[in-house]
Every structure is written in structure tokens, then in C-alpha cells.
Amino acid sequence: MGKTQLYSLYKGFLDCICFCLSRGSGEPAGDTQRDTENGHLIYRNGDVLEDRYEILDTLGEGTFGKVVHCLDHRRSGSRTALKIIKNIEKYREAAKQEINVLKKISEKDPNNKHHCVQMLDWFNYYGHVCISFELLSLSTFDFLKANNFLPYPINHIRHMAFQICHAVRFLHDNKLTHTDLKPENILFVNSDYSFIYNTEKKCNERRLNDTTVRLVDFGSATFDHEHHSTIISTRHYRAPEVILELGWSHPCDVWSIGCILFEYYEGFTMYQTHDNKEHLAMMERIQGPIPRRMIQRSRKQKYFHCGRLNWNECSKSGRYVKAKCKPLRKYLLSQATEHHQFFNLLERMLEYEPSKRISLSSALRHPFFLPLHHPGKNQLWRNSSDMSR
């Protein structure tokens, strides 16, 4: 073997040792090893970021990046969630927007009374924006999934709904629209549970010990004065004014909440589709015809003919919609007063016209929430259609 070959072999051996040592130090190995091809930070459990955040485990992954469980060594080893944004420009910009929103939330809610997740810190780590939060538990979707999609009890829905409405009203009062409300973005503070036997389903089900929640993910939140993107919200929770491109504001969040609460109640998504026209057909099947004035103002005239949805009920999609959807009140699981109250609230949240949709201030005064305002007080329910908005 020649000198050149020996030198190359020796250099490769030293490089290998250096790489191993750098990984053991808790820092990424170098520029070429720092990120994956799609922009995720390369890390492993035990790595320490900023001489502060020791990564314990990965909590989740999304298009934006990953969320990891950390020990914060500057906060006496307290456990936090660290959102590590991909090293890609558009995600960095979205993260900066989220930080602005989270700063506003902290400024307006220093005592954490409004059920929104609290940002603890943020920093830039080699092109990755990192945001640390209070550590929360499972999302309301993940708990539902782990519970075999058995619906939440009505009293749990009441408490969760009240907190969600309270959190989003707080945003609206501060000139913000969340724009991406869904069960995945509502997390339990503690998702510990007990097993109870469900006599109807003849199986054990998980019953939460505490239904306290936090609203998370403000990466798409938009201030009233900012540019409003044409398309917002995850498909299943998207309001009709967004699909019809009529412009949107705070009421689109109310529609999303209505869809979320229906999912908690039934255990399945209200609008299981990926197509705009099919989505509109499902709305009509559940809530009746789309108002003509909305159709006339829509930029999506291709979905309509002579002022009505151009829909063939005998087509494959038509049969699918007919099989999947039915008028809203037919989804009632009980004739008890509280269930009728709940559906009255849903009807008002799922009003087509944004201007007629119930505001969250009014929603919080709805009779469905009366037991939370007056625990143990028994009052007759009256139709709330005459309640001021």
C-alpha cells in the first residue's frame, strides 16, 4: 500500500472519530449532517440545543417540522415541548408570524386565563426557528382515536366546547382569526383516564379524568389588518364562504368549531370529502340549500347552474353523499334536553351566512352552557333563536 493510500485511510479514520465525538457532544455534526433532505433538523435523544434544551423524545411531526419533548435546564429541568421548524424559508416566515401572535397572546393574557398555549421562549438554531411551550398531553383527536372513536360524553363536550369558544373569542377580541381550528389543534393539559364499561357498545372505554384543554398552532393565525389568503383551514373544517371565495373573517372560526363539536359528539368527521363540489353537496344534505345570495356572489360559478348546486344525486359521488350524510337533527343520539340544546348551538354555528352565524360571545351565553354558569341550577331551556347576537 502506497503513502497516498495510507494517508487517505488514516484521514478517513480520524474523520470518523471526529464525527462520533461531535454526535456525542449533543451538537449536530456539521453543515452537511445538520438537516435532512426535506429540511428537518437531524437530532437524537440526548442532544442538547443552546446548552439548555435536552431532547428526550419526539412528540409529533407535521409539514412545518417536528415537536420534541425536552428538559429545560434553565428552568430547573422542567419539561417543555419544543417546536423545531424546518430549515426552509416559507416555514421560517410562518414561524415568525406565529411568534408574533404568541407574543400578542402573552401580552394580553399574562396569567394564562384564556386557554391558549403559552410560548416560553424562542430562538434560531442554525436556520431552524425553535419555539418552546408548556408541555401538554394528547390532542382531542388522538384521544378519540385511542378510544376507538367512541364519542365524548355530552358533559365532557360541554366543558371542552366552553373552553374552545372562550379561547377563540379571546383571539377575535384581539383582532385575530385562528383559521386552522381542528381536533388536532386542541390539546388536553392532562389526558389521564379511567376505564369504564360501555353497556351499549359492550366494551371498555376510556373516560378522561380532566377535560381542561389548550388551543395550539397559531402558524396560520391572521390579524384583521393582514392579507387574507383565499384558501384557509383544513378541508373538513372549512367554512362555505371560504370554498365559495366570498372572503372570510372571524365567523369562519365559528363554523370550524361547529364541525369539531359534531365530531366529538358522533366520533366521526362531519364532512368526509376532499372535493369542493362534493363538500357543498354534503352541506346541503345536512343543512339545506345554500342561500341564493351567496351563490350569486361566489366566484365559483362552475359549481352551480341556474342558481342551484349542479349536483347529480344518481352519480357515484351523489350516492356516496346520500349514504354518508343526513339532516343534522337526525344525528341526535338522545332526546334529552341537553342534546337538543347542543344541536341548537350547532345549527347556529353552522349557519351558512357568516353575518347570521352566532358570535362566540353569544355562544358562551347559550343555554347549553348553563350548567357551567350555574352548577346544579335546574332551569327550563328556551329556544335561543331570539337571543341577541
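1. Which element supplies the largest share of the lining of the largest pocket? In this predicted model, that element is helix 3, which contributes 5 residues to the lining.

2. The largest pocket itself has a volume of about 1200 Å³. Its lining is made up of 35 residues, and those closest to the centre of the pocket are F64, V67, E184, N185 and D217. By class, the lining of this largest pocket divides into 15 nonpolar, 10 polar and 10 charged residues.

3. As to the elements around the largest pocket, at least two lining residues each come from strand 2 (53-62), strand 3 (65-72), strand 4 (78-85), helix 3 (89-108) and strand 6 (128-134).

4. Strand 6 also takes part in a hairpin with strand 5, in which 2 residues lie between the strands. Strand 5, spanning residues 119-125, runs antiparallel to strand 6 and is joined to it by 6 bridges. Within this pairing, V129 of strand 6 is the residue that stands opposite N124, while Y126 in the hairpin adopts a positive phi near 50°.

5. The second largest pocket holds about 480 Å³ of space. Among the 18 residues that line this second pocket, P151, Y152, N198, E200 and L333 lie nearest its centre. Strand 9 (193-198), strand 10 (203-208) and helix 7 (251-266) each supply at least two residues of the lining of the second largest pocket, and that lining divides into 9 nonpolar, 4 polar and 5 charged residues.

How values were computed
Residues are numbered from 1 along each chain as its sequence is written. This is a predicted model: local features need pLDDT of at least 70, side-chain atom pairs count only at pLDDT 80 or more; totals for chains, interfaces and linings use all residues. Side-chain values use heavy atoms; hydrogens and water are left out. On a 1 Å grid over the protein atoms alone, a cavity is a set of points where a 1.4 Å probe fits but cannot get out, and a pocket is an open set with protein on both sides within 12 Å along at least five of seven lines; lining residues have an atom within 4 Å of a point. Grid points are joined across faces, edges and corners, and a volume is the space filled by probe spheres set on the points. Helices (H or I, at least four residues) and strands (E, at least two) are DSSP runs, numbered from the N terminus. Ala, Val, Leu, Ile, Met, Phe, Trp, Tyr, Cys and Pro count as nonpolar, Asp, Glu, Lys and Arg as charged, and the others, Gly among them, as polar. Two strands pair if DSSP finds at least two bridges between them.
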